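Please look through the sequence and the 3D structure shown here before reading on.

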Amino acid sequence: MSLDRLYLDLLDEAPVAPPPGGRARLLATAAARRRPAAACVSWARPYAGRVAAMDAVFASATAWDVQIVEGWNLQELLGHLTAKDGLVAAAIGAPVHGPPITGDDPMARTATLHAHERPRSLLETRRSWRDQADALCHALAGADPARVITAGGLRLPLGDQILGRALETWIHGHDTAVSEGLNLPRPTAAELRPMADLCARLLPVTALLSGLEAGDRSVRLTLTGEGGGDWHLPLLPGVPASVYEGQAVACSLRADAAGYCFVLGGRGADHVWEAEGDPALAADLRAAAPALSGP
């Protein structure tokens, strides 16, 4: 069974017969409580879709004790996702898995969840992660995506918080797939475009966090492929991004949409951005791009 097929089954809730033999029993156990992407408001669908994709990776995983990222195995990685999702859930009053939340530090909450999950089975951890993620999706019905909340130390509109959770789930799903030798399907264009838009709007923030003094300059960012677009990004704090419509810019950057998102997410070190205009500014922006990424 290909990961592509299993991912589509998770989205469509189509029945799948596992292949014969011992692997069939493993897949049947892992996929016994498989669920499709949670029904949710349109602006949260990228998150619901990436959760379903991560579940598809899990259902195909066999090397459960292999270190995937940050020295974490699959159970610990799911604990980290549960911890960070839970901080957003707590901020809007949605159900939270595990011990009560006593602070807003993502790594402290991750350590708490690691300790909580260690005596439990991997399948129990997976079920708790998925239950919390689906409950968060359901809790967003009627919520205002423009409402500003603080979660994990970031003060952002709720819609951007959820897109951030989608992006991290996608990246860690990819981390897991790579560790298993699997090819994780890219997000659909409808999923990728909002995540690419978030990452585009965050580029001036990463420049600021990196201490880049850009003054009142601005850049054009063109993201290609499915989910791409064309942005005008003022680098002056507080000035919003807009669609590029011929504005004067200090430099123009061009990148694949998915590759650009991975650079902002702390991956894609070898991904190259094409640049025209001020080469020093372009290099500084590329170096600053992962400033918001973390485990």
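Helices (H or I, at least four residues) and strands (E, at least two residues) are DSSP runs, numbered from the N terminus. This is a predicted model, in which local features need pLDDT of at least 70 and side-chain atom pairs count only at pLDDT 80 or more, while totals for chains, interfaces and linings use all residues. Residues are numbered from 1 along each chain as its sequence is written, and side-chain values use heavy atoms, with hydrogens and water left out.

**Overall fold**
- The protein chain contains 10 helices and seven strands.
- Of its 295 residues, 47% count as buried, where buried means under 20% relative accessible area, exposed over 50% and partly exposed in between, with a 1.4 Å probe and protein chains only.
- Among the contacts (heavy atoms within 4.5 Å) in the protein chain with a separation of 6 or more, 69% are between residues 24 or more positions apart.

**Nonpolar core**
- A nonpolar core is a set of buried Ala, Val, Leu, Ile, Met, Phe, Trp, Tyr and Cys residues joined through side-chain atoms within 4.5 Å.
- The largest such core has 71 residues, of which Trp170, Tyr260, Trp273 and Leu285 touch the most other members, and helix H8 gives the most to this core, with nine residues.
- Leaving aside neighbours within four places in sequence, Trp273 is in contact with residues including Leu203, Tyr260, Leu264, Leu285 and Ala289.

**Largest pocket**
- A pocket is an open set of points, on a 1 Å grid over the protein atoms alone, where a 1.4 Å probe fits, with protein on both sides within 12 Å along at least five of seven lines; lining residues have an atom within 4 Å of a point.
- The largest pocket is lined by 43 residues, and Leu154, Leu156, Leu198, Leu202 and Leu292 lie nearest its centre.
- Helix H4 (74-91), helix H5 (106-117), strand E2 (154-157), helix H7 (158-180), H8 and strand E4 (229-234) each supply at least two residues of this lining, to which H7 gives the most, with eight residues.

**Thr206**
- Thr206 is found in helix H8, which covers residues 189-209.
- Thr206 counts as buried because its relative accessibility is 0%.
- Not counting residues up to four places away in sequence, Thr206 touches Leu264, Ala288, Ala289, Ala291 and Leu292.
- Thr206 and Ser293 are 87 residues apart in sequence, and their C-alpha atoms are 9.5 Å apart in space.
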